[in-house]
Structure formats: structure tokens, C-alpha cells
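Visitor: Can you walk me through this one? Keep it brisk.

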Amino acid sequence: MGDMPMPIERYIVNFCAEIPAPPPGSFEVQTTVLDSVIKFWSPPYNQPIAWVSLPFSHLFECLEIENVITVWHALALERQVLLTSSQLSLLTTCSEILLSLLFPMRWSHAYIPVLPHFLIPILSAPMPYLCGVDRSNLPAVLMELSPSAIIVDLDKNIVNIGPSTPPLPPLPRSYELTLRTKLQENAGMIFREARSLTKNDNCSEGGRHLPIHVKLMADAMWESRLCLFDEAFHLAFTPEAARTNLLNGNDNSALEERDLNDPTAPLRIMTAAEKLNLRKQSQWDAVQEAFLNAYVHILRNYRKFLVFPSKDNENDMYGGAGFRTVEFVQSQLFDMQEFLKQLLDTQMFDDFITKRLYGSGEADVTFFDMAVDEFHKGNK
């Protein structure tokens with residue numbers, strides 16, 4: 001800080017009291033401090049997909065791709081999911097990221113990322129939930145935990161299915177393969193890099209296929225990294241962290257090359273149109289898009305089975321409006337039907353259909369319908 005022309009307090013006053021807050025979705029304000037570019041941006045009010053300004057890489061460092069898909073699969077079908085870790089920051093971060101991957105559905109059940117000790121008894125309740133507990137509380141949790149719960153150990157990359165957990169129906173094979181491929185392309189090395197493993201190292205099944213010396217090294221590397229997640233300096237996000245592409249959509253591709261290399265570049269304001277033109281898709285945008293596309297593929301024909309409210313069908317079995325679930329399931333391939341039966345029986349899907357039937361142009365529903373239309377155009 002000795003090279004700064006002004007004291008740090010002056011910069012803080014400038015940021016907090018003098019730089020105007022950008023209106024939602026309209027402008028991005030950028031300034032530089034030494035060689036760091038700092039950006040101020042507010043997402044638009046009607047943005048269809050929630051802006052998840054969280055380090056997506058943390059989830060993929062903790063869990064290999066197969067386990068990420070399993071947890072998403074369980075949440076999509078409204079199972080009881082319990083995350084555990086020695087690092088409290090990981091519980092909140094990973095919980096928020098997992099919920100964002102459910103779009104266009106929205107989790108409508110119990111959600112407590114860091115469950116306090118006195119609330120542990122609620123984990124025996126017969127309801128869907130996504131909760132997180134400190135690893136030190138796990139022995140007490142196991143005394144109260146519902147036998148239907150799925151425990152996700154973020155520290156050990158382990159997903160334990162409860163003895164009474166209803167079996168997860170298999171995802172449609174082709175969609176699961178597409179989803180896994182997209183995740184491998186964009187996040188396939190994250191888990192390995194956190195453990196200093198190479199692409200050729202077989203780290204599946206808890207690393208049991210690795211040579212013993214490689215596994216010991218990988219475990220030691222991960223333990224040394226894991227213990228830092230709750231450290232204050234690790235939690236503090238710095239402008240330099242943007243360049244490592246930790247945050248969703250924050251890959252600095254909205255910046256012109258000269259801005260990144262010129263620490264003396266003046267304050268500039270970028271319009272939303274300029275930002276859209278300059279910004280490329282980040283790897284974490286692609287991860288979100290992969291899960292969205294899974295929903296698009298599975299529900300691509302759902303609009304044909306909507307029953308809109310009208311006087312003509314007030315007395316039929318749908319009570320004036322609804323969704324023809326049985327007909328929709330029967331119209332799909334056999335390998336999709338069991339998964340669809342359970343998906344369509346969730347509260348999240350019911351909320352989605354209600355919004356589709358009675359909502360007045362909700363941004364998220366409109367966006368999903370546009371994605372479905374694009375899918376149909378691409379398959380003509």
C-alpha cells in the first residue's frame with residue numbers, strides 16, 4: 001500500500017460516499033486501484049435466473065461431478081438432504097449454489113444452511129429439507145436424523161443414502177450423459193486440481209483406485225486447503241480473485257484488454273448493451289446452463305398438457321385449471337416415466353405450473369419457455 005498516492009481511507013470514502021450506486025441492470029461502474037480493477041454492478045429486477053455471485057468452484061472442489069449430480073437429483077425430487085462440513089462457510093456457499101441449479105424450480109421447503117444445535121430435532125421431521133450442520137454436531141445429529149435423509153459430507157466427498165430413503169429413479173440416460181459431459185467440459189478438473197491430481201488419475205470411489213502414495217498426497221493437499229475456507233483472509237473477496245474466475249459469470253471478459261493491463265485507466269461507465277456485447281459465457285454460466293438444459297429436455301413438451309382456467313372446464317377433474325400429469329408421463333419414453341412421475345409430484349413443480357397458469361409474464365417462466373422454444377428450433 002506504500003505506493004498508493006492517497007491513504008486507503010480516502011479510497012474507502014470514495015467508494016462508499018462518492019461513487020454512485022449503479023441502477024439495477026443499467027450500468028456497470030469500473031475503477032482501478034493500483035493494478036486491480038473493481039467493478040460495481042446491480043442485476044436487473046426482472047433477471048430470470050438469480051444472480052449467484054458465489055464461488056461455484058467450491059462445490060466442485062468438495063464433490064466430484066457424480067456426487068454433484070446425485071445431490072441435485074435428490075433435491076429435484078424433494079428428498080431430505082443434509083450437508084455437513086468442518087467449514088461453516090462451505091455449508092452456506094454450497095447450499096446456495098445447489099438451490100440455484102434447480103432453476104426454473106424454486107425450493108419451497110425447509111432451508112437452513114447452518115442449523116443451530118438446538119434445532120437438530122427438526123431433522124427427524126417427515127418433510128423435505130436442505131440443511132447444513134457443523135461436523136462437530138454430527139454425532140448428535142445422527143441420534144435425531146430421519147432414516148430417509150441423505151447425508152452429504154463436503155469434507156470427504158461422500159454421499160450417504162439413508163436406509164429408508166425412497167430410491168432415486170434413474171435420470172433418462174441420454175440426458176444424464178449430456179449433463180455429465182457438459183460438467184466435465186467446464187468443471188471436470190476442479191476436484192482434481194484441489195488435490196493436485198492429474199487428468200489421468202482415477203479418483204472415483206473415494207480414490208480407492210489411486211496408488212497409495214498418490215492418495216496420501218491428494219488427501220494431504222485437500223486437508224491443507226480445506227482448513228483455510230473459514231479463514232478471514234480466504235473469505236475476503238479481492239479484485240484479484242475475479243481473475244481466477246471463482247465467481248459465477250465474473251471472468252473479466254467484460255473488460256477490454258487495455259483496461260486489464262493499464263492500472264492508470266480512469267473510472268468508466270459501461271452500459272448494459274456494452275457489457276452484453278463484450279461479456280462471454282463463463283465456465284460457471286455453462287454449468288448453470290447444463291442443469292437448465294436438463295429441465296428443458298425433460299419438460300420440452302409440457303405446455304401441450306396445460307389446462308388453462310376457463311368457464312368450459314370449471315367442473316372437470318382439474319377444477320378449472322391444472323396439468324394433465326398422467327397424459328404427459330404416458331407420452332414420454334419409458335425410461336423417463338418413473339423419474340417424471342416423481343418430478344411432477346413435487347411441490348416445486350406444482351408451484352411452477354401455478355405460476356405458468358396464473359402468473360402475468362413472470363420473468364423466470366417466460367425465460368424457461370424461451371429456452372424450450374430454442375430447443376425446438378434447434379431440433380427441427
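Guide: Let's begin with one pairing. Leu-83 has Val-152 in β6 as its bridge partner. Strands here are DSSP runs (E, at least two residues), helices likewise (H or I, at least four), numbered from the N terminus. Two strands pair if DSSP finds at least two bridges between them.

Visitor: What kind of model is this, and how is it numbered?

Guide: This is a predicted model: local features need pLDDT of at least 70, side-chain atom pairs count only at pLDDT 80 or more, and totals for chains, interfaces and linings use all residues. Residues are numbered from 1 along each chain as its sequence is written, and side-chain values use heavy atoms, leaving out hydrogens and water.

Visitor: How many bridges does β3 make with β6?

Guide: Four, in the parallel sense; β6 covers residues 150-153. Val-81 stands opposite Ile-150 there.

Visitor: And which way does β5 run relative to β3, parallel or antiparallel?

Guide: Parallel, with six bridges joining β3 to β5 (residues 129-134). Ser-85 has Asp-134 as its partner in β5.

Visitor: Is β3 buried or exposed?

Guide: Buried, meaning under 20% relative accessible area with a 1.4 Å probe, protein chains only (exposed is over 50%, partly exposed in between). Six of the six residues of β3 (80-85) are buried, so the strand is largely enclosed by the rest of the structure.

Visitor: Which residues sit on each face?

Guide: In a regular strand, side chains alternate between the two sheet faces. In β3, Gln-80, Leu-82 and Thr-84 are on one side, and Val-81, Leu-83 and Ser-85 on the other.

Visitor: What's the strand order in the sheet?

Guide: β4-β5-β3-β6-β7, an open sheet of five strands with mixed pairing. β4 (110-112) and β7 (158-161) are at the edges with a single partner strand each, so one side of each has no neighbour in the sheet. The twist averages 20° from one strand to the next.

Visitor: Which helices pack on it?

Guide: Helix α3 (residues 65-76) lies across β3, β5, β6 and β7, at about 40° to β7. Helix α4 (residues 88-100) touches β3, β4 and β5, and its direction makes about 145° with that of β3. Axes are lines fitted to C-alpha atoms, for helices over the stretch in contact (heavy atoms within 4.5 Å). Angles run from 0 to 180 degrees between N-to-C directions.

Visitor: New topic. Which residues touch the most others in the largest nonpolar core?

Guide: Phe-60 and Leu-299, out of 74 residues. Such a core is a set of buried Ala, Val, Leu, Ile, Met, Phe, Trp, Tyr and Cys residues joined through side-chain atoms within 4.5 Å.
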